[in-house]
Amino acid sequence: MKLWRHHSLQKPLHQRLHPTFKPVPKQIHTFSQFSQDPQITAILSLIDKGNFVPTSVSYSKLLSQCCTTKSLRPGLQIHAHITKSGLSADPNIRNHLINLYSKCRSFRYARKLVDESSEPDLVSWSALISGYAQNGLGGGALTAFHGMHLLGLKCNEFTFSSVLKACSIVKDLRIGKQIHGVVVVSGFEGDVFVANTLVVMYAKCDEFLDSRRLFDEIPERNVVSWNALFSCYVQGDFYEEAVGLFHEMVSSGIKPNEFSLSSMVNACTGLMDTSRGKLIHGCLIKLGYDWDPFSGNALVDMYAKVGDLADAISVFEKIKEADIVSWNAVIAGCVLHEYHEQALELLGQMKRSGICPNIFTLSSALKACAALGLKELGRQLHCSLMKMDMESDSFVGVGIVDMYSKCGLLEDARMVFDLLPEKDLIAWNAIIYGNSQNGEDIEALALFADMHKEGIRFNQTTLSTILKSTASLQILHVCGQVHALSVKSGFPSDIYVVNSLIDSYGKCSHVEDAERIFEECPIGDLVSFTSMITAYSQYGRGEEALKLYLEMQDMELKPDRFVCSSLLNACANLSAYEQGKQLHVHILKYGFVSDIFAGNSLVNMYAKCGSIDDAGHAFSELTERGIVSWSAMIGGLAQHGHGRQALQLFDQMCKEGVSPNHITLVSVLGACNHAGLVTEAKQYFESMEELFGFKPMQEHYACMIDLFGRAGNINEAVELVNKMPFEANAAVWGALLGAARIHKDVELGRRAAEKLFILEPDKSGTHVLLANIYASVSMWENVAEVRRLMRNSKVKKEPGMSWIEVKDKVYTFLVGDRSHYRSREIYAKLDELSDLIEKAGYVPMVEINLHDVEQSEKEQLLYHHSEKLAVAFGLIATPPGAPIRVKKNLRVCIDCHTAFKFICKIASREIVLRDRNRFHHFKDGSCSCGDYW
């Protein structure tokens with residue numbers, strides 16, 4: 001015998017076999033209803049009538065039959081007759097009774113009979129220990145073994161097998177090794193029955209090396225020995241090793257039985273290997289084991305888990321008597337692969353077949369209800385679990401919490417959660433996730449704080465959920481705290497946490513922090529790239545988003561619909577029409593053309609890149625149009641000055657039964673604004689609550705005030721501000737300031753500016769507009785005062801910037817910019833254009849220039865505006881006749897607007913200019929806005 005097998009024998013035996021066990025749980029003293037054998041019932045009837053007087057041998061046979069069928073009630077009646085007949089002291093009958101009670105989980109009666117025995121009996125104790133072990137009560141078996149050992153009884157091979165099985169159940173390697181030592185001393189190590197149990201015990205205690213060594217030392221290994229080893233490997237998730245052992249067994253000449261093949265089917269399930277699974281299935285049929293219920297259930301489970309539900313159901317239907325395990329396997333498979341309706345249909349069939357669902361069946365059904373949002377059926381399942389007294393079970397309780405959360409019933413979810421006797425990490429994650437998914441982000445954070453106080457350790461799922469809520473609330477300091485917790489708890493490199501941190505920092509406007517985490521991440525996946533690209537896109541860094549996409553392609557990461565949607569938004573913000581078209585090609589290539597997210601982003605991108613025709617085409621190809629789709633198209637038409645078409649599309653949307661939201665109504669009012677449709681705007685605004693069910697918000701008031709101002713109805717604009725049911729925000733006062741600029745109303749401009757200085761003290765646009773109002777009426781001292789105020793307040797004027805895309809690259813220009821590598825050509829082109837347009841009748845509008853310089857210098861400054869530089873570059877860098885698309889961050893000045901009407905005619909080019917408010921299409925000497933902007 002090798003030393004590694006003897007190290008537990010170093011202490012005396014009496015010192016080693018005194019383990020501390022937990023008390024035997026109460027439920028093992030009770031018993032439930034077991035089946036009754038009609039033949040036994042008939043014999044008992046004869047005994048009761050006095051027509052049959054059994055002998056001790058007859059009683060032994062009857063008790064053996066009761067034990068086989070687990071017929072407890074008839075067994076109790078037989079016990080009563082035995083007592084009455086005076087045969088209770090018969091050792092053979094007593095052992096049969098102990099065996100019966102142990103098998104039927106009535107351990108109180110079994111132990112009483114053992115204790116009442118006048119002499120210690122190995123068979124009695126072995127029967128008791130075996131009963132505990134066979135019912136999964138390892139602690140009870142070990143306690144009984146300890147009692148037996150104190151009486152000085154020596155074990156046989158059956159006792160050793162039962163007590164080693166008990167060690168496997170409780171995974172007590174220390175006691176298992178001590179029993180192993182006793183086995184060696186007692187000389188039973190060569191017994192194949194005991195050796196097989198030792199192999200299993202070491203494997204179940206995760207000592208696979210020792211398990212394999214013991215297996216190799218079995219002198220005559222049979223199929224049971226092999227089954228014991230590779231079934232343990234399968235249960236320990238060592239699937240490849242298990243398959244290897246199976247091949248080794250077959251090569252050694254031992255024929256597999258149904259249990260061998262069932263274990264291999266389970267190994268193939270773990271490996272998600274249908275090919276090998278089907279080969280094993282073929283072997284089962286060839287060897288005639290396809291009738292075996294264990295093999296059938298294993299096959300159903302395998303096919304269901306790999307998503308081959310047709311084969312799963314085919315095998316399931318061939319099982320002669322499908323049991324609860326068969327039904328559970330096929331129902332769980334349907335739920336796993338999101339065939340939720342089919343799962344519930346199978347549940348109905350199962351009930352009709354007479355098989356009652358257990359907690360595993362109902363747990364799968366709860367998941368199906370959660371996915372389908374079936375509140376009422378979910379409640380019914382909850383009631384069924386309450387009747388089974390299972391709703392307090394942790395596993396079931398979490399399922400109920402999850403179901404109620406996903407059905408939007410958070411109060412019910414919280415009630416079930418609060419009633420759980422023990423709240424583990426999974427339960428906390430379920431309730432936190434439920435609140436987060438339902439938009440109750442503050443409650444999710446509060447629950448996380450409670451969980452932390454309770455001392456429950458969180459995992460990456462918890463952190464990811466909390467970061468999602470933090471992102472929704474845009475609470476930067478909480479994001480930082482969760483980040484610190486993740487580092488402290490050892491999750492800084494976990495990809496799920498990293499991706500959530502990137503997303504959260506991005507949505508909290510801290511793109512630099514998101515960027516740092518992304519760069520530090522050792523392995524970037526699709527989700528991390530998506531989060532970073534989205535952050536860049538949302539916060540005006542579209543060029544970085546597009547560069548990152550190129551890097552992602554170099555890594556051969558296939559984009560998903562969310563990446564494409566974010567990239568299209570980046571192109572929209574940059575007015576990068578050509579790159580947007582290339583992304584459209586990628587969407588077609590990857591099969592996202594029917595996806596509503598990608599489709600909506602396409603409509604938005606083309607509209608914001610100045611091609612309303614392409615936007616219309618993308619809109620018409622949408623297979624499903626939601627409110628976002630309609631709003632994007634209506635908003636696009638509005639921005640391009642097609643007010644009437646926007647209103648017609650809005651009417652069509654309403655006729656198709658799509659209810660508008662407040663964003664849609666902003667687009668509708670914007671369409672009226674850009675087209676000067678005052679009457680129509682009033683009708684929509686005044687009937688908003690009556691027709692669409694919500695009151696006008698700040699944005700709607702701002703649209704109406706801007707509309708009145710542009711249309712010359714300045715008194716109506718002021719009156720509407722005074723009638724607002726809430727305090728006006730910066731958008732409303734900004735609209736009023738714009739109206740004052742148009743109509744040179746100094747007092748109104750001053751009043752609006754004073755409000756804006758309080759609401760947005762750092763915004764330079766207020767100072768600029770107020771200075772323009774003063775300049776328009778030659779109040780130069782006031783202009784100087786506004787400039788002094790800007791200097792003293794350290795408010796910097798937002799510089800005018802323009803962008804143009806040429807050959808997949810976006811170029812940026814500032815006023816008077818000479819940093820471009822073709823700067824000389826650009827300014828030469830501007831000089832050429834200025835001569836041509838002046839000959840055609842253009843006169844520089846120097847009065848809009850507020851700088852105190854000479855007239856000629858003012859003209860020069862006007863010529864060098866950023867949008868003029870971008871257009872000049874477009875003329876020299878793009879093919880003749882191609883449209884020139886320019887974006888500007890501010891409102892286009894009236895001088896540039898006038899100049900472009902001349903340039904587009906002279907150069908025979910369409911110029912599409914997108915400024916802060918709308919699009920201007922310059923063609924054949926006129927603008928699409930009709931000079932109304």
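Ser778 lies in the loop that links helix H46 (764–776) to helix H47 (780–792), where helices (H or I, at least four residues) and strands (E, at least two) are DSSP runs numbered from the N terminus. The phi angle of Ser778 is near 60°, a positive value in a residue other than glycine. The model is predicted, so that local features need pLDDT of at least 70 and side-chain atom pairs count only at pLDDT 80 or more, whereas totals for chains, interfaces and linings use all residues. Residues are numbered from 1 along each chain as its sequence is written, and side-chain values use heavy atoms, with hydrogens and water left out.

**Overall dimensions and composition**

- The protein contains 51 helices and six strands.
- Its radius of gyration is 41 Å, whereas a compact globule of 933 residues would have a value near 30 Å; the radius is taken over C-alpha atoms, and the globule rule is 2.2 Å times the number of residues to the power 0.38.
- Taken along the principal axes, the box filled by the C-alpha atoms is roughly 130 × 60 × 55 Å.
- Of the 933 residues, 50% are buried (buried means under 20% relative accessible area, exposed over 50%, and partly exposed in between, with a 1.4 Å probe and protein chains only).
- Contacts (heavy atoms within 4.5 Å) between residues at least 6 apart in sequence join residues at least 24 apart in 64% of cases.

**Surface and charge**

- The accessible surface amounts to about 44700 Å², and carbon and sulfur atoms account for 53% of it; areas come from the Shrake-Rupley method with a 1.4 Å probe, and for residues only the protein chains shown count as cover.
- There are 94 positive and 107 negative side chains, and the centres of the two sets are 2 Å apart.
- In this count Lys and Arg are positive and Asp and Glu negative, while His and the chain ends are not counted; the place of a charge is NZ of Lys, CZ of Arg, CG of Asp or CD of Glu.

**The sheet**

- An open sheet with mixed pairing is formed by six strands in the order E2-E1-E3-E4-E5-E6; two strands pair if DSSP finds at least two bridges between them.
- Strand E2 (809–814) and strand E6 (926–927) are the edge strands, each pairing on one side only.
- Strand E1 (residues 801–806) pairs with E3 in the antiparallel sense over three bridges, and Ser802 has Lys888 in E3 as its bridge partner.
- Strand E3 (residues 884–888) runs parallel to E4, to which four bridges join it; Arg885 stands opposite Val912 in E4.
- Strand E5 (residues 919–923) and E6 run antiparallel and are joined by two bridges, with Phe922 opposite Cys927 in E6.

**Individual helix and loop residues**

- Met272 is located in the loop between helix H15 (258–271) and helix H16 (274–286), and its phi is near 55°, a positive value in a residue other than glycine.
- Met272 counts as partly exposed because its relative accessibility is 47%.
- Ser260 belongs to helix H15 and counts as buried because its relative accessibility is 0%.
- Not counting residues up to four places away in sequence, Ser260 touches Val223, Asn227, Phe230, Phe246 and Met249.
- A distance of 85 Å separates the C-alpha atoms of Ser260 and His864, which are 604 residues apart along the chain.
- His483 sits in helix H28 (residues 476–488) and is buried, because its relative accessible area is 15%.
- Beyond its neighbours within four places in sequence, His483 is in contact with Leu501, Tyr505, Arg516 and Ile517.
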